[in-house]
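This report goes through a single structure from its overall layout down to individual residues. Please look at the sequence and the model before reading on.

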Amino acid sequence: MSDPAAFADAVAIATGRTFDQARAEAAVRELLLAVGEDPDRPGLRDTPARVARSYREIFSGLYTDPGDVLGTTFDEEHRELIVVRDIPMYSTCEHHLVSFHGVAHVGYIPGREGRVTGLSKLARVVDLYAKRPQVQERLTSQVADALVRKLEPTGVIVVIEAEHLCMAMRGIRKPGARTTTSAVRGSLQSNSASRAEALDLILRAR
Ligand SMILES: Nc1nc2c(ncn2[C@@H]2O[C@H](COP(=O)(O)OP(=O)(O)OP(=O)(O)O)[C@@H](O)[C@H]2O)c(=O)[nH]1
Ligand SMILES: [Zn+2]
């Protein structure tokens, strides 16, 4: 399902959690009033509804277990590292409700049963966890733990590199500062040679 709003609808039905469009619109209108704007001037008239729809999309990962997308698996003989690198990632800082964005790298070593998932599913898990109010550390761990739970792999590594707009456009104002977080599980955590190989694959030629 490629339409994010339709996706949010479907998962809301499944989980019982819903997005309240009218409440979000009223809140945006109130915020505009609070900053001294006139929400009824022509340029802002449609803004509350527009912002509410936008929030519905960027928080659509609240209405699902993102790990569910890893339900589609197949058995392969491959028992070595699989890495998808440079997955574009947009999330929302839960402290300031502005974007932090960058790239995610997701790798795993299939377990004994050789449970492998489609490459796009790794990007989907990142996307869904990113579509929540987040901090970068939790986003990184949640992606790693979903892989552990659903694929029972031998090892998992997730690295996220991101710029936080709350550090760039306001506050300390340091555009270009990048934060790197990692979450490593299983053999990639316990075996330093495997971890070094994974990190080399992820960070190579950058
Ligand atoms: N660890 C972590 N901190 C984050 C993340 N996103 C934002 N922050 C930080 O959250 C902190 C919130 O600090 P507060 O002092 O409560 O808020 P603030 O007064 O707006 O802080 P400043 O951003 O320093 O102006 C800031 O230091 C942000 O840089 C994240 O993903 N992980
Ligand atoms: Zn922030």
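Where is the place of Glu80? Glu80 sits in the loop between strand E1 (73-75) and E2.

## Basis of the report

The model is predicted: local features need pLDDT of at least 70, side-chain atom pairs count only at pLDDT 80 or more, and totals for chains, interfaces and linings use all residues. Residues are numbered from 1 along each chain as its sequence is written, while chains are lettered from A and ligands numbered from 1 in the order in which they are written.

## Overall layout

The protein chain has eight helices and seven strands; both are DSSP runs numbered from the N terminus, helices being H or I with at least four residues and strands being E with at least two. Along the principal axes, the C-alpha atoms of the protein chain fill a box of roughly 60 × 40 × 20 Å.

Of the 206 residues of the protein chain, 32% count as buried. A residue is buried if 20 or more other C-beta atoms lie within 10 Å of its own, exposed if 12 or fewer, and partly exposed in between, with C-beta atoms placed from the backbone. Among the contacts with a separation of 6 or more, 71% are between residues 24 or more positions apart; a contact requires C-beta atoms, placed from the backbone, to lie within 7 Å.

## Two domains

The protein chain is divided into domain 1 (4-63) and domain 2 (74-203), with bounds that come from an automatic or database domain assignment. The C-alpha centres of domain 1 and domain 2 lie 28 Å apart. Five residues from domain 1 and seven residues from domain 2 take part in the contact. On the side of domain 1 that touches domain 2, the residues divide into three nonpolar, two polar and no charged. Here Ala, Val, Leu, Ile, Met, Phe, Trp, Tyr, Cys and Pro count as nonpolar, Asp, Glu, Lys and Arg as charged, and the others, Gly among them, as polar.

Helix H2 (residues 21-34) has 14 residues and reaches 20 Å from its first C-alpha to its last, close to the 20 Å expected at 1.5 Å a residue. That expected span is 1.5 Å times one less than the number of residues. Just after H2, Gly36 takes a positive phi of about 90°.

Pro48 is in helix H3 (residues 47-58). Pro48 counts as buried because 21 other C-beta atoms lie within 10 Å. Leaving aside neighbours within four places in sequence, Pro48 is in contact with Glu25, Val28, Arg29 and Pro39. Pro48 and Ile157 are 109 residues apart in sequence and 40 Å apart in space, C-alpha to C-alpha.

## Nonpolar core

Which residues of the largest nonpolar core touch the most other members? Of its 32 residues, they are Val125, Val126, Val143, Leu147 and Val158. The elements that give two or more residues to this core are strand E2 (82-93), strand E3 (99-109), helix H4 (119-130), H5, strand E6 (155-164), strand E7 (179-186) and helix H8 (192-203). Such a core is a set of buried Ala, Val, Leu, Ile, Met, Phe, Trp, Tyr and Cys residues joined through C-beta atoms within 7 Å. Apart from neighbours within four places in sequence, Leu147 is in contact with Leu70, Tyr108, Pro153 and Val156.

The residues around ligand 1 are Cys93, His95, Val135, Gln136, Glu137, His164, Cys166, Met167, Gly171 and Ile172; a residue qualifies if its C-beta atom, placed from the backbone, lies within 6 Å of the molecule. Helix H5 (136-151) and helix H6 (165-168) are the elements that give two or more residues to this shell. The shell divides into five nonpolar, four polar and one charged.

## Exposed positions

Glu80 counts as exposed because it has 9 C-beta neighbours inside 10 Å. The C-alpha atoms of Glu80 and Ile109, 29 residues apart along the chain, are separated by 5.1 Å. Asp86 is found in strand E2 and counts as exposed, with 12 C-beta neighbours inside 10 Å. Leaving aside neighbours within four places in sequence, Asp86 is in contact with Val103 and His105.

Leu97 lies in the loop between E2 and E3 and has a positive phi of about 55° although it is not a glycine. With 11 other C-beta atoms within 10 Å, Leu97 is exposed. Arg173, in the loop between H6 and E7, has a positive phi of about 50° and is not a glycine either. Arg173 counts as exposed, with 9 C-beta neighbours inside 10 Å.

Technical notes. Contact = placed C-beta atoms within 7 Å.
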